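I opened this entry to look up how the side chains are arranged. The notes start below the display.

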Amino acid sequence: MGHAVPQLEPGVKEDNDSTPRISKMQIDLLVNSFTADFARIATLQYSHSVGGIKMRWLGIKEGHHELSHKLDDDKPSQESLTKINKWFCEQMAYLAKRLAETPEPGGPGSLLDNTTIIWTNELGKGNSHTLDNIPFVLVGNGLGFKMGRAVEYRRVAHNRLHIALAQAMGHHIERFGNPDFCLQGALTNLT
């Protein structure tokens, strides 16, 4: 593209224990890219299911993936998973705060008024690798969805949420992924 690949600032190592600092840097970069109109869609991914990330900064020695396979009645593991999930929640809250405090360039409101954050996990439950009950959290007003509520859809394929997201962005698709999971169309009750 004709420009140098960005480098981490001096003193920041690209390693596991730098994740908290790199997280904030990535979020700030994401917000700045929206402000400069370099991007309108972004992905923030910390790891993958077997990424081996260890949250030592939270006082947790075991890896996140290893902990996710522990049984539900393993109280210390569940407490560690709660700490990990709280940390991820704090990162999403930081992103929402940064978007909310940043004016929309050339338009009304803030970036959060014109953005929707979709926070999810790849599994509903780590120790059984189920795809049922995968939580999706939506924050912001960019797609016109009704916020400030919890909605539970029982036995509904998440493909339907993806169709609804695409349609809210102006792409009138009728299926996303496996068509067998899209027969009822876009997910309803979002607006």
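I am working from a predicted model. I looked up the largest nonpolar core and found 11 residues: I27, L30, V31, F34, M92, L95, A96, L99, L111, L112 and I117. I checked which elements give two or more residues to this core, and they are α1 (19–35) and α3 (75–100). I also noted a second, separate core of 10 residues, which includes F145, I163, A164 and L190.

Entry two, I27. I left aside the neighbours within four places in sequence and listed what I27 is in contact with: L44, Y46, Q91, Y94, L95 and R98.

I found 4 aromatic pairs in the structure. One of them is Y46 with W87, edge-to-face, at 5.6 Å centre to centre and 75° between the planes. I placed Y46 in the loop between α1 and α2 (64–68) and W87 in helix α3, so far as the chain goes 41 residues apart.

Is Y46 buried or partly exposed? Y46 has 21% relative accessibility, so I wrote it down as partly exposed. W87 is at 5% and therefore counts as buried. I then looked at W87 and F88: the ring centres are 5.2 Å apart and the planes at 70°, so this pair is edge-to-face too. F88 is buried, with a relative accessible area of 14%. Ring pairs link Y46, W57, W87 and F88 into a cluster.

Entry four, charge. I found K24 over the face of Y94, 4.9 Å from the ring centre.

Terms used. Residues numbered from 1 in each chain as written. Predicted model: local features only at pLDDT ≥ 70, side-chain atom pairs only at ≥ 80, totals over all residues. Heavy atoms only, no water. Core = buried A, V, L, I, M, F, W, Y, C linked by side-chain atoms within 4.5 Å. Buried < 20%, exposed > 50% of the residue type's maximum accessible area, 1.4 Å probe, protein only. Helix = DSSP H or I, 4+ residues; strand = E, 2+ residues; numbered from the N terminus. Contact = heavy atoms within 4.5 Å. Phe/Tyr/Trp six-rings, centres within 6.5 Å; stacked < 30°, edge-to-face > 60°. Lys NZ or Arg CZ within 6 Å of the ring centre and 35° of its normal.
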